[in-house]
Amino acid sequence: MKVLVSDPISDLGVMKLREKFQVDVKTDHTPEELKAAIVDYDGLIVRSQTQVTAEIINAGKNLKVIGRAGVGVDNIDVAAATQKGIMVVNAPEGNTIATAEHSVAMMLALARNVPKANISLKSNEWKKSQFVGVELFKKTLGIFGLGRIGSEVVKRAKSFEMEVLGYDPHISEERAKKIGVTLCEPDEIIKRADFLTLHTPKTSKTYHFIGERELSMMKEGARIINCARGGLIDEQALYEAVKSGKIAGAALDVFEEEPAVNNILLELDNVIVTPHLGASTKEAQIGVAVLVAEQMVNALLGQPVSTAVNVAIIPPETLHDVKPFIPLMEIMGSFYTQVYNGQIETIEVIYSGEIANYPVQPLTTSLLIGFLKVMLGDMNINYVNAAAIAEQRGMKVTEIISKTVDNFTNLITIRVKTKEETKTIAGTLFSKNDIRIVHIDRFNIEVVPSKYMMVITYVDKPGVIGRVGTTLGNNDVNIAGMQVGRASIGGEAVMVLQVDCPITDDVLSKISKLEAVLSTRFVQL
Ligand code: NAD
Ligand code: MLT
C-alpha cells in the first residue's frame, strides 16, 4: 500500500509508516497536482497546510484513510470523506501540552508587555514606565472549552491562583469541580473575565462567538487569548475594541485566514501574535507525527483505531465484550433485508441485558452495514459511511437500551417499520460467540445462521415439512439443518433450512407452489 505525506511531519512518523508501506513525502503540491497524484495512494497524511477538499477526496480512487498530524480537521472535508467511506484519523493528544503552554505564555506575555518591551530595548530604549503590566494572581480567567487543552490551561492558571470561570456544553458539574472550574453561562464569563481564553473547536456554533456584542460586554481593560482556531473571534470587532482601548490587548496564535500576513490586527501594538505556533514544540511535532502514523498503520491494516473522527469506535477497554456482537448485527441486517421487502422508514434497535452496559453505536453501525450491503449491492459500505448513507435514504435509526431481559443474558431486537408493515428479528450469542437468531417476526425459533438458508412461512399442517424436503432433494439440494417456529398449533409457522448450495429461482418457485406454503425466501450470508 502507498501513503502520501503532503505536509512536513517529523521523520519519526515517516519512519513508522515506512515499516509497513511505500511512503512518498512531497510537500509542495499545488491543489491540481495533489488531485492528480492522490489517485495512486491508499493513505494521505497532512498537517494544516494541505486543503483536503471534496475534489481531492473524490479523485482518490484508492484512498482509504486521511490522517491529520494534529487536532483540528477543519482543512479536511470530513463529510465528503465520510460519504466515500474514507476514514479520517487525527492525533489529538500529541500537542495538548504544547498548546496549553503556548496559551499561558501568550497570557503572560500580554499581561507583562513582553513583546513590546523586547522590541523597545533592542532599539536601545530603556522605558521602564511604559511597560507596566498586570498580574495574573487573583484575577478571573474566563475559559471557553474545557477539553484536553482547556483543562491543561486551567491547571496552569490555578498555579497562578487565578479564579477560573468556564463554559463547555459537554462537561459535567462534577468534572468542572474536579479541575477547579466554576461553570457559568457564556455571558456571565464574558462580563466577569479579566482574561478570556478560547479552547473550543471552530464549528457553526462557535464561529464569531466573540463578536461586537460580547466585546462590548467585557470589562474595561480585559484581555483575550486565542490559541484555538481563527474565526472564533470576529477580527474586525476585535480590532475596533482594542483600538478604542475597551480591550487592553489580545494575544493571537490563530487567524481567520492563514498565513495572516496582511491581517489588520497586525497594525495594533496591543495585539501580540504568533504564526500558529501552539503545537510547534519538538515534543509535540514528534508526538503528532508518531500518533498519526500509528493510526494510519492500524487503519490501513484493519486493526483497531482510537482516534477516527468519522467512525464510532469501540473503546479498547470494552472491545473484548462488544466485538463478538459485530457479526451478529451484520447478519441480522443482511437476513432482514433478504427476507422482507419495503422501503424502510424506521429501525429501532433494542439492546437488552448485559450488552446495554456497553457503547452500542458501533453495533448499530454493523447492523446498518448488513442492511445496506444487500439493499445497495455495494460492498464499499463500511463503518465510516453506513450511518450517513442510511440517513440519506431516509432510514431513521434509534437505539433503545434496556438492562433487563427474560431468558437471555443479552438480546438484540431490531424492529423495522416500512410503509406497509413492522417486522421484528432478534438475535443473541450463546457462550460468548455462537450466533443465534431467536425471533423472526412473531415466531420464537433458534436459527444457527449459515451461508445458504431458506426461510419459508407456511400453515402448520402435517406433511408440509416432508414436501419441502422432497422437493429440495429432487433438485439436488442437501439440507444441513432445519428449525421451525409457530405461534399456535395449526396457525402460521416459519421454517428455516440451512442448505449446502444456493437455491435457484426455479426451485424456490416449486416450493412456493406446494400446498400450505405462504412465502419462500433464499438468504445468502
Ligand atoms: P477538545 O476536543 O479536547 O476540546 C474542545 C472542547 O470544546 C470540548 O470539551 C467541547 O465540548 C468544547 N466545546 C465545543 N463547543 C463549545 C462551545 N460552543 N462552547 C464552549 N465549549 C465548546 O480539543 P482540544 O484538543 O482541547 O483543542 C481545542 C482547540 O485548540 C481546537 O480548536 C483545536 O483545533 C485547537 N488547537 C490549536 C492548536 C494550535 O496550534 N494553536 C494546537 C492544537 C489544537
Ligand atoms: C492542530 O489542530 O493540531 C493545530 O492547529 C496544530 C497544527 O497542526 O499546526
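**A buried loop residue and beyond**

Modeller: Asp-441 is buried, with a relative accessible area of 14%. Buried means under 20% relative accessible area; exposed means over 50%, and partly exposed is in between (1.4 Å probe, protein chains only). This is a predicted model, in which local features need pLDDT of at least 70 and side-chain atom pairs count only at pLDDT 80 or more, while totals for chains, interfaces and linings use all residues. Residues are numbered from 1 along each chain as its sequence is written, chains are lettered from A and ligands numbered from 1 in the order in which they are written, and side-chain values use heavy atoms, with hydrogens and water left out.

Back to Asp-441. This residue sits in the loop between β17 (434–440) and β18 (443–447). Strands here are DSSP runs of E, at least two residues; helices are runs of H or I, at least four; both are numbered from the N terminus. The phi of Asp-441 is near 55 degrees, a positive value in a residue other than glycine.

Now the wider layout. The chain splits into domain 1 (2–94 + 283–311), domain 2 (96–273), domain 3 (315–441) and domain 4 (450–525). Those bounds come from an automatic or database domain assignment. The C-alpha centres of domain 3 and domain 4 are 25 Å apart. Seven residues from domain 3 and eight residues from domain 4 make the contact. Contact means heavy atoms within 4.5 Å.

The largest nonpolar core has 45 residues, and Phe-335, Ile-347, Ile-412 and Ile-414 touch the most other members. Helix α14 (residues 325–339) gives this core its largest share, nine residues. Domain 3 and domain 4 each supply at least three. A nonpolar core is a set of buried Ala, Val, Leu, Ile, Met, Phe, Trp, Tyr and Cys residues joined through side-chain atoms within 4.5 Å.

Leaving aside neighbours within four places in sequence, its contacts include Leu-367, Leu-368, Phe-371, Met-395 and Val-416. Lys-396, Thr-398 and Arg-415 are among them too. Apart from this core lies another, of 30 residues, including Leu-198, Phe-209, Ile-247 and Phe-255.

Ser-509 is in helix α18 (residues 505–512). Ser-509 is partly exposed, with a relative accessible area of 27%.

Next, the ligands. Around ligand 1 there are 25 residues; Arg-148, Ile-149, Asp-168, Thr-200 and Asp-253 come nearest. A residue counts here if one of its heavy atoms lies within 4 Å. A polar side-chain atom of Asp-168 is 2.6 Å from an oxygen atom of ligand 1. A polar backbone atom of Gly-278 is 3.5 Å from an oxygen atom of this ligand. Alone, ligand 1 exposes 850 Å², and the protein buries 87% of that. Such areas come from the Shrake-Rupley method with a 1.4 Å probe; for residues, only the protein chains shown count as cover.

The residues around ligand 2 include Arg-47, Ser-48, Asn-95, Arg-229 and His-276. An oxygen atom of ligand 2 lies 2.8 Å from an N or O atom in the side chain of Arg-68.

An N or O atom in its side chain is 3.3 Å from an oxygen atom of ligand 1. Arg-229 lies in the loop between β10 (222–226) and α11 (235–243). Its relative accessibility is 15%, so Arg-229 counts as buried. Beyond four places in sequence, Arg-229 contacts Arg-68, Gly-72, Asp-74, Lys-202, Val-254 and His-276.

His-276 is in the loop between β12 and α12 (282–300). His-276 has a positive phi of about 50 degrees although it is not a glycine. His-276 is partly exposed, at 26% relative accessible area.

Glu-258 and Pro-259 are joined by a cis peptide bond, with omega about -5 degrees. Pro-259 is in the loop between β11 (247–252) and β12 (271–273).

Key: Polar contact = N/O pair within 3.5 Å; in protein donor to acceptor, adjacent residues only side chain to side chain.
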